[in-house]
Amino acid sequence: MLVVDESQEIRAYFDRLMTRLRAQYDLFASGSSALDSMRNAVSSEPYHVVFANYLVQNLDGMKILHEMKKISPDSFGVIMVPVSKWDIIESESTQSKVDKFIQKPLVSSAIIEIMGSMVHSGEHHEHVAPDEQRSLQGIFKSNRVLLVEDMELNREIVQALLEETGVAMDFAHNGQEGLHKFMTHPDQYDLILMDMQMPVMDGLEATRKIRALDVPEARAIPIVAMTANAFKEDVDACLASGMNDHIGKPIDFDLLIEKLTKHLAPAPVPAE
């Protein structure tokens, strides 16, 4: 990733987001320094995605991407546009080398969606034959998942990853809130994605309390742990608390779909 924006606040925002996503990235305050970095990177590790502010000192975002496309034609260029400038973008976009525009103020889920579209259109899927690809459109549309996670970014990542599947999602910010939501409507959820480490009440305690509830749904509902640690003792602790499965962080899209397919009943395929 390459991000060029003269705003220190925006660069700090990307710094936090990219760090949490474990992406490799460089941040620049000016177009000239960003271009110099891209020229140097082409021969070693080229940038795959470029986020450029619409208005940058010395060189505006449109010109930056135009020049960058000359250096690295395959890079994916995104212009960050203030709301006040949005109405003039359509006419300019036809003359530019911009792949996508994103509106300011920035929302992390929109950035994640762009990154996801790059990943899914990249090398990861080039080796999959067309007849082997499976559409995820609406595959879990009959299911509702409760995501218990204290980090807003992680909630947005999971929501963005599962948007195409049609699964209905509800959110809780800690184990206590997740427990309360399940207690209130135990028949409403088909699966719980439970973070391990949260304030107020962690995922292990929340799972034990859910399993102890005197309702049949409490014993039957699949609970999948989400944990940054995949050590055997962590997995054992998850299973001992009453969880059915686990998935590591950062969340892997294919593995997440695999876990949901394992524990949920996919929507029936309409007869042709």
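## Notebook: a look around the predicted model

I began with Met-198, which counts as buried at 10% relative accessibility. This is a predicted model, and I kept that in mind throughout. Met-198 sits in the loop that joins β8 (191-195) to α9. I then asked what Met-198 touches, not counting residues up to four places away in sequence. My list reads Val-148, Glu-149, Asp-150, His-173, Asn-174, Gly-175 and Gly-203.

Is Val-200 buried or exposed? I found 63% relative accessibility, so Val-200 counts as exposed. I looked at the backbone as well, and phi of Val-200 is near 70 degrees, a positive value in a residue other than glycine. I noted this down because most residues other than glycine have a negative phi.

**The whole chain.** I stepped back for an overview. The protein chain has 12 helices and 10 strands. Of its 272 residues, 46% count as buried. I also looked at contacts with a separation of 6 or more, and 66% of those in the protein chain are between residues 24 or more positions apart.

**Aromatic rings.** How many aromatic pairs are there? I count two aromatic pairs. Tyr-13 and Phe-14 make an edge-to-face pair, with 6.2 Å centre to centre and 85 degrees between the planes. Phe-14 pairs with Phe-51 too, and here the geometry is tilted, at 5.1 Å centre to centre and 50 degrees between the planes. Phe-14 belongs to helix α1 (residues 8-21) and Phe-51 to strand β3 (residues 49-53), so this pair ties together parts that are 37 residues apart in sequence. Together, Tyr-13, Phe-14 and Phe-51 form one aromatic cluster.

Phe-14 is buried, at 0% relative accessibility. Phe-51 is buried as well, at 1%. Tyr-13 has a relative accessible area of 21%, so Tyr-13 is partly exposed; the cut-off for buried is under 20%.

**Helices α2 and α3.** For helix packing I noted both an angle and a distance, because two packed helices are described by the angle between their axes and the distance between the axes. The axes of helix α2 (residues 31-41) and α3 come within 10 Å and cross at roughly 10 degrees. The two helices are therefore roughly parallel to each other. Which residues make the contact? From α2 I have Gly-31, Ala-34, Leu-35, Met-38 and Arg-39, and from α3 there are Ile-64, Glu-67, Met-68 and Ile-71. By class, the contact of α2 with α3 has six nonpolar, one polar and two charged residues.

I stayed with helix α3 (residues 61-71) and listed its buried residues: Gly-61, Met-62, Ile-64, Leu-65, Met-68 and Lys-69. Looking down the axis of α3, I see these buried residues fall within an arc of 160 degrees, so they line one face of the helix. A handy reminder for reading such a list: an α-helix has 3.6 residues a turn, so residues three or four places apart point the same way.

**Helices α9 and α11.** Next I took helix α9 (residues 203-211) with helix α11 (residues 232-241). Their axes are 8 Å apart, and the packing angle is about 25 degrees. α9 and α11 are therefore roughly parallel to each other. On the α9 side I noted Leu-204, Thr-207, Arg-208 and Arg-211, which meet Ala-237, Cys-238 and Ser-241 in α11. This contact of α9 with α11 divides into three nonpolar, two polar and two charged residues.

**Last stop, Gln-159.** Gln-159 is in helix α7 (residues 152-162). At 41% relative accessibility, I put Gln-159 down as partly exposed. What does Gln-159 contact, leaving aside its neighbours within four places in sequence? I found Met-169 and Phe-171. I also noted Leu-147, 12 residues away along the chain, with 9.1 Å between its C-alpha atom and that of Gln-159.

Note on methods. Residues are numbered from 1 along each chain as its sequence is written. This is a predicted model: local features need pLDDT of at least 70, side-chain atom pairs count only at pLDDT 80 or more; totals for chains, interfaces and linings use all residues. Side-chain values use heavy atoms; hydrogens and water are left out. Buried means under 20% relative accessible area, exposed over 50%, partly exposed in between (1.4 Å probe, protein chains only). Helices (H or I, at least four residues) and strands (E, at least two) are DSSP runs, numbered from the N terminus. The arc is that of the directions from the helix axis to the C-beta atoms. Axes are lines fitted to C-alpha atoms, for helices over the stretch in contact, and angles run from 0 to 180 degrees between N-to-C directions. Angles under 35 degrees count as roughly parallel, over 145 as roughly antiparallel, 65 to 115 as roughly perpendicular and the rest as oblique. Contact means heavy atoms within 4.5 Å. Ala, Val, Leu, Ile, Met, Phe, Trp, Tyr, Cys and Pro count as nonpolar, Asp, Glu, Lys and Arg as charged, and the others, Gly among them, as polar. Rings of Phe, Tyr and Trp (its six-membered ring) pair if their centres lie within 6.5 Å; planes under 30 degrees apart count as stacked, over 60 as edge-to-face and the rest as tilted.
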